[in-house]
Each structure stands twice: as structure tokens, then as C-alpha cells.
Amino acid sequence: MLNVQQLDVNYGAVNALRGVNLSVAAGEVVTIIGANGAGKSTLMKAISGLVPAARGQIEFEGGTLASVPPHRRVGLGIAQSPEGRQVFADQTVRDNLVLGAYLRDAPKDEIDADIEAQFDTFPRLRERQHQLAGTLSGGEQQMLAIARALMARPKLLLLDEPSLGLAPLIVKEIFAVIRALKAKGVTILLVEQMANQALKVADRAYVLKTGEVSASRPARDLLDDPAVREAYLGKH
Ligand code: ATP
């Protein structure tokens, strides 16, 4: 579904990504782990079109994304739940979800049915549907950001640090949702600091090290690898 080849991204003189190769097949959950500043968010932004590629190719369903602007990538089926959540703070929960579907041009009853489906996945959002998004807790905002991305009915869901800044119990809930999405066949590319949790839910994983892919293996292998455990999981 997604194929990244020899990707370089630069911020001025900083080479944030160098020669990155990555692929995601339909139905897979793939995670990218790596230390702070390794380039994980940059890779997500390059896929969603928020930063330009200096070199290399990103293909989605066989077509190049090179000249496709971000909003058209959403139209093609790539939706991102960005790091830091970025919900529309002065809109209600429900209106945030409606906005998530704005590129679909779907009839209102179809949108309403999809909102109900999101409420089934995230019951707390149903209770709070008329509340302003800016007044939600951090965990609730994260759930809303994921639900809003899903309202685009994406073929590929990009999740950038969904656990960032959340209490352990909420992190558990977020990962339970990711598991449920996986069971439904949603294709997911997940960036996470919580490598342990991410590797447990993912099929495959890439390790990014200062802008380069240093390993790409089944997630289970990485979870069992002593060197990876020491470097990224804080365990020996
Ligand atoms: P973290 O886990 O801390 O979010 P990350 O792996 O997502 O890190 P990136 O945010 O992709 O890392 O950053 C990769 C490198 O690019 C870092 O050295 C960072 O300082 C640099 N960088 C990121 N965004 C910019 C920018 N807008 N301008 C200049 N340098 C940037």
C-alpha cells in the first residue's frame, strides 16, 4: 500500500532523514521506534505531505505522491492523527468529527452513522459530544484526534505518538483502541516513544537511528532482542 524509497528530508543544513526505505502492506500495523530526534515525526510528515522530500520516492497504492499536496493525500486515503493532537479547540467534539469527514462529500446520514461508529469505539466521546474539544482531558483529546482521522475513512492511518503525555491507564486505553482497529483490518503506521507497547501491537517494526533505518524486522523479534530492549525499552 505504502512504499517509501531512498527518502531524504532536510531542514536547511540538517539531514533529518537519509535514504529511508519503508513499506506498509494493506492490513498491517507497522511501528517506527527510535530515540528523540531520530526523525520519526519527520517521516510521518513526509508521508502526509507536510514536509517535502529532498530525494527519493513515496508511493501510495502504486502512484507517486511527489506532487500531491497534503489535503489531496487525505482524499487518496492517508489520514494522520498528529503528534500533540491538534483538535479544533473551540469546536465541539461532534463538530470536530464532522470536520474529519469534510473531504468525503458524503450525505449527512452517512456522516451521522460514522460518528455513531466512532462513539461505539470511544464511548467517552459520545458522553462529551457537545463539549468544546479544548476542554477535554489530554487522553480524551487524543481519542478525538484518532476518531477525527478515522472519519476520513482512511486506507492508511498515521498515528504520531498517540501516548504522548498521557497517564498509564489512558495509554492502556489508547493501545486497546489500536488493537481494536487492527482487528477491524485498519492499516496503521504508528510512531511511538513507548516502544514496548508499540512492538506488542505491531506486526513489523523499523528502528530509526539519526535519520537512517537501522533495522526492519517482525515486531516480535525486536521485542525479544536484548540490544533493542536495552536501547529503546529501558530493560535488559
Ligand atoms: P521526537 O521523538 O523527539 O519527537 P523524532 O524522532 O520525531 O523525535 P523529528 O521531530 O522528526 O524526530 O526530528 C528529526 C530531526 O530534525 C531533529 O534533529 C530535529 O531537531 C530536526 N527538526 C525537526 N523539525 C525541524 C524544523 N522544522 N526545523 C529544523 N530542524 C527540525
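In β5, which residue is the bridge partner of F60? The partner is G63. This pair is a starting point for a walk through a predicted model, in which local features need pLDDT of at least 70, side-chain atom pairs count only at pLDDT 80 or more, and totals for chains, interfaces and linings use all residues. Residues are numbered from 1 along each chain as its sequence is written, and side-chain values use heavy atoms, with hydrogens and water left out.

Strand β4 (residues 55–60) pairs with β5 in the antiparallel sense over two bridges; strands are DSSP runs of E with at least two residues, helices are runs of H or I with at least four, and both are numbered from the N terminus. Two strands count as paired if DSSP finds at least two bridges between them. Both strands belong to an open, antiparallel sheet of four strands in the order β2-β1-β4-β5. At its edges stand β2 (14–24) and β5 (63–64), each with a single partner strand, so one side of each has no neighbour in the sheet. Helix α1 packs on this sheet and touches β1 (2–11), β2 and β4, its direction making about 115° with that of β1. Contact here means heavy atoms within 4.5 Å, and angles run from 0 to 180 degrees between N-to-C directions of axes, which are lines fitted to C-alpha atoms, for helices over the stretch in contact.

A second open sheet has six strands in the order β6-β7-β8-β3-β9-β10, with mixed pairing. Its edges are β6 (78–81) and β10 (212–218); each has a single partner strand, so one side of each is left without a neighbour in the sheet. Within this sheet, β7 (residues 156–160) and β8 (residues 187–191) pair in the parallel sense over five bridges, and D160 has V191 in β8 as its bridge partner. Helix α1 lies across β3 (29–34), β6, β7, β8 and β9 (204–209), at about 150° to β7. Helix α6 (residues 138–150) lies across β6 and β7, at about 170° to β6.

The ligand comes next. Polar contacts are pairs of N or O atoms within 3.5 Å. A polar side-chain atom of T42 lies 2.5 Å from an oxygen atom of the ligand, and a polar backbone atom of G39 is 2.8 Å from a ligand oxygen atom.

Notes. A polar contact is a pair of N or O atoms within 3.5 Å; within protein, one must be able to donate a hydrogen and the other to accept it, and residues adjacent in sequence count only if both atoms are side-chain atoms.
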